Amino acid sequence: MVWFMIDDSFAEHPKTLSIPRPLRLSALGLWTMCGNWSSRHLTDGHITLALIHEKGGRSKHITALTDAGLWHDNNSTCTHDPHHCPGIPAPDTITYHDWYDWQRSRAQILRQRERKATAGRAGGKASGASRRAGPESSNEADASAAAEPPVPNPHPTPSLVALVSRRLYGDAPRETTLEELLPLWRNAIGDGDLDVELRNFLIHNADTDLLNPAAALLGWLARAAERAAKPGPRPVLGCAACTSGWLPDDPGTGMPRPCPTCKPHRYIC
């Protein structure tokens, strides 16, 4: 299942508020439906005018969303690099501005699906080997499955980024924006998995009184980068109940929940 992510402050964002009030609700409803379609069909934020019209969109909605900077048409301009934004589309096509800052890419989703399929096949082979040859073959199969390196995720979800930001700064106003923090964190993590390490930091420091939380996070990411740079296999996390070792975030607190099977050392009841 693929999700279309919307930040919890989206309704108050300046781009949202720039849409004329009589059009705002219908335009953002169209934006949401088309974004959901793009996520489900793995188009990386590319949609056609035909789809927009099929969803009930009209020229005034397209104009409102492109003027607000939420969409790009072939007359738009954008200076953001391809790691953030799909760019200016061809005629009769629309793209979502900075799609990759908020949504997982097609390549990431397909790699994750393949990783799960590979882990499932390895588990099936290990189970068959265990039944045929006893405990020793089972241990060998487990070691083989653990030799595949995980696929790092450089794009944590907006809700996770917001949660980490609150852990670092609380609700106090600050000069550093989330758009400035993410490149800093990506640079610190190197070849490590930013999504996983942000979750690990939150869990490990849930009840810790940190003197300088922002510096503590950068130190945490730097150590994770050193571990990721070391040669040798790293274990593949993820079972039928989780994604890369994580259950869905707690609905009450929003905190990450480690899988008790894959991350028993981090499990909090």
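I started with helix 4 and looked up its buried residues: His61, Ile62, Ala64, Leu65 and Thr66 are buried there. A reminder to myself before going on: this is a predicted model.

**Helix 4 and what it packs against**

I then asked which elements the buried residues of helix 4 pack against. They pack against helix 2, helix 3, strand 2 and strand 3.

Asp67 also sits in helix 4. Is Asp67 buried or exposed? I found 63% relative accessibility for Asp67, and since the cut-off for exposed is over 50%, Asp67 counts as exposed.

Helix 4 is followed by Gly69, and the phi of Gly69 is positive, near 85 degrees.

**Helix 2 against helix 4**

Next I took the pair of helix 2 and helix 4. Helix 4 covers residues 59–67, and the two axes come within 10 Å and cross at roughly 85 degrees. That makes helix 2 roughly perpendicular to helix 4, because angles of 65 to 115 degrees count that way.

Which residues meet here? From helix 2 I listed Leu23, Ser26, Ala27, Leu28, Leu30 and Trp31. On the helix 4 side, I wrote down Lys60, His61, Ala64 and Leu65. Sorted by class, the contact has 7 nonpolar, 2 polar and 1 charged residues.

**The nonpolar cores**

Then I turned to the largest nonpolar core, which has 22 residues. Which of them touch the most other members? I got Ile19, Leu65 and Trp71. The elements giving two or more residues to this core are helix 2, helix 3 (49–54), helix 4, strand 3 and helix 5 (99–102). Helix 2 gives the largest share, 6 residues.

I followed Ile19 a bit further. Leaving aside its neighbours within four places in sequence, Ile19 is in contact with Arg24, Ala27, Leu28, Ala64, Leu65, Ala68 and Leu70.

**Helix 8 against helix 11**

Helix 8 (residues 158–169) and helix 11 (residues 213–229) pack at an angle of about 130 degrees, with their axes 8 Å apart. Helix 8 and helix 11 are therefore oblique to each other.

I listed the residues that meet: Val164, Arg167, Leu168 and Tyr169 in helix 8, and Pro213, Ala214 and Leu217 in helix 11. By class, this contact has 6 nonpolar, no polar and 1 charged residues.

**Arg199**

I picked out an arginine next. Arg199 is in helix 10 (residues 194–204). Is Arg199 buried or exposed? Its relative accessible area is 9%, so Arg199 is buried, given that the cut-off is under 20%. Leaving aside its neighbours within four places in sequence, I found Arg199 in contact with Thr157, Leu160, Trp246, Asp249 and Pro256.

**Two positive phi angles**

Leu42 has a phi of about 55 degrees, and I found Leu42 in the loop between helix 2 (21–41) and strand 1 (46–48). At 11% relative accessibility, Leu42 counts as buried.

Asp92 has a phi of about 70 degrees. I placed Asp92 in the loop between strand 2 (71–72) and strand 3 (93–96). How does Asp92 stand, buried or exposed? At 55% relative accessibility, Asp92 counts as exposed.

**The whole protein**

Last, I looked up the totals. The secondary structure comes to 11 helices and 5 strands. Of the 269 residues, 41% are buried. The protein exposes about 15300 Å², and carbon and sulfur atoms supply 56% of that area. For contacts with a separation of 6 or more, I noted that residues 24 or more positions apart account for 61%.

Technical notes
Residues numbered from 1 in each chain as written. Predicted model: local features only at pLDDT ≥ 70, side-chain atom pairs only at ≥ 80, totals over all residues. Heavy atoms only, no water. Helix = DSSP H or I, 4+ residues; strand = E, 2+ residues; numbered from the N terminus. Buried < 20%, exposed > 50% of the residue type's maximum accessible area, 1.4 Å probe, protein only. Contact = heavy atoms within 4.5 Å. Areas by Shrake-Rupley, 256 points an atom, 1.4 Å probe, with all protein chains shown as cover. Axes fitted to C-alpha atoms, helices over the stretch in contact; angles between N-to-C directions. Parallel < 35°, antiparallel > 145°, perpendicular 65-115°, else oblique. Nonpolar A, V, L, I, M, F, W, Y, C, P; charged D, E, K, R; others polar. Core = buried A, V, L, I, M, F, W, Y, C linked by side-chain atoms within 4.5 Å.
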